[in-house]
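Hi,

Here is the structure I promised to pass on to you. Have a look at it first, and then read my notes on what turned up.

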Amino acid sequence: MFRRHPFSRHAVRLAIAVGSLAAAACGDTTISGPSLDVNLSRVAGFDRLKAALVQARQEANGGFNLDMWAAVVDRNGLVVAVVFIGATATDQWPGSRVIAAQKANTANAFSLPHLALSTANLYAATQPGGTLFGLQEANPTNDEVAYGGDAANYGTPRDFMVGKRIGGTNVFGGGLALYNEDGTLVGGLGVSGDASCADHNIAWKMRYNLQLDHVPAGVADGGKDDNIIYDFQNGVSASGFGHPECSAAATQIGKALPTTHPIGH
């Protein structure tokens, strides 16, 4: 006949401790980490980000004139805001919500205080045979963050991504690093919803509108900025940082951006 032995108080306490550790390992909200950049939230939060997108979208950008998504992350990769400009979240490509956030994360993750790289600048090097081939597979998107929460809140101040790390790497036009008036790198901006060249043009104008374009240097325009570079010939980028053309109009607008919307204004 088996005898039952009651748990000792020590065993109970040990079980509780182990359970707490397991919960901490699995629950994102119980792990301590950086908090959202309050200063960036003030200058590129929901309302200002949406206003900057609306203003940029009203200009000619060389694309299909589609409604757009935009997202901002801070220097720690935390999503500050996600916006769209259609009447509803499905008036622009639903898939572009996550792409915009990926572009913001990429521009932030691969820019430095002294050198800005746009997602457009990464295109050529990440193609087969390129010096950064495989980069597009790095830093995978956090799917739980990307698709969590109530879809009805996507693109609103209650978007599930806000305050969390989205991750992800995207290597075509539409992502730019953000530098404040002191020249400090404070995060990244991502735009998606049209052809990638138009996405870049809109992102550049948005950054200009937000006055977060005090770019210290880049690989474009003689090392001055992070503009899109159109220098593919026979499938090869002369600079190693080039991007394919989408349309003649987008190319013309893109090349003129440092003049029409100069950095560090």
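Let me start with a charge over a ring: Lys-164 lies over the face of Phe-160, at 4.0 Å from the ring centre. I use that term when NZ of Lys or CZ of Arg is within 6 Å of the ring centre and within 35 degrees of the ring normal. Lys-50 is placed in this way over Phe-84, at 5.3 Å from the ring centre.

Before going further, two notes on where this comes from. Please keep in mind that this is a predicted model, where local features need pLDDT of at least 70, side-chain atom pairs count only at pLDDT 80 or more, and totals for chains, interfaces and linings use all residues. Residues are numbered from 1 along each chain as its sequence is written, and side-chain values use heavy atoms, with hydrogens and water left out.

(Rings of Phe, Tyr and Trp, the last by its six-membered ring, pair if their centres lie within 6.5 Å; planes under 30 degrees apart are stacked, over 60 edge-to-face, and the rest tilted.) Trp-69 sits in strand S1 (residues 69–74) and Phe-84 in strand S2 (residues 79–84), 15 residues apart. Helices (H or I, at least four residues) and strands (E, at least two) are DSSP runs, numbered from the N terminus. Trp-69 is buried, with a relative accessible area of 2%, and Phe-84 is buried at 9%. Here buried means under 20% relative accessible area, exposed over 50%, and partly exposed in between, with a 1.4 Å probe and protein chains only.

Tyr-123 and Phe-232 are also edge-to-face, because their ring centres are 6.0 Å apart and their planes at 75°. Tyr-123 is partly exposed at 21% relative accessible area, and Phe-232 is partly exposed at 26%.

The loop between helix H4 (96–109) and helix H5 (143–147) also holds Asn-121, which is buried at 0% relative accessibility. Leaving aside neighbours within four places in sequence, Asn-121 has contacts (heavy atoms within 4.5 Å) that include Val-219, Asp-226 and Phe-241.

Arg-57, in helix H3 (residues 46–57), is buried too, with a relative accessible area of 18%. Among its contacts beyond four places in sequence are Asn-65, Asp-67 and Ile-85.

Which residues of strand S3 (residues 175–179) are buried? Five of the five are, so S3 is largely enclosed by the rest of the structure. S3 runs antiparallel to strand S4 (residues 185–192), with five bridges joining them; strands pair if DSSP finds at least two bridges between them. Gly-175 has Gly-190 of S4 as its bridge partner. Five residues lie between the strands of this hairpin, where Gly-183 takes a positive phi near 80°.

Finally, helix H7 (residues 248–260) has a kink of about 30° at Gly-254, shortly before Pro-258. The bend is the angle between axes fitted to the seven residues ending there and the seven starting there. Gly-254 is one of the buried residues of H7, as are Ile-253 and Leu-257, and helix H6 (196–210) is included in what covers them.

Best wishes
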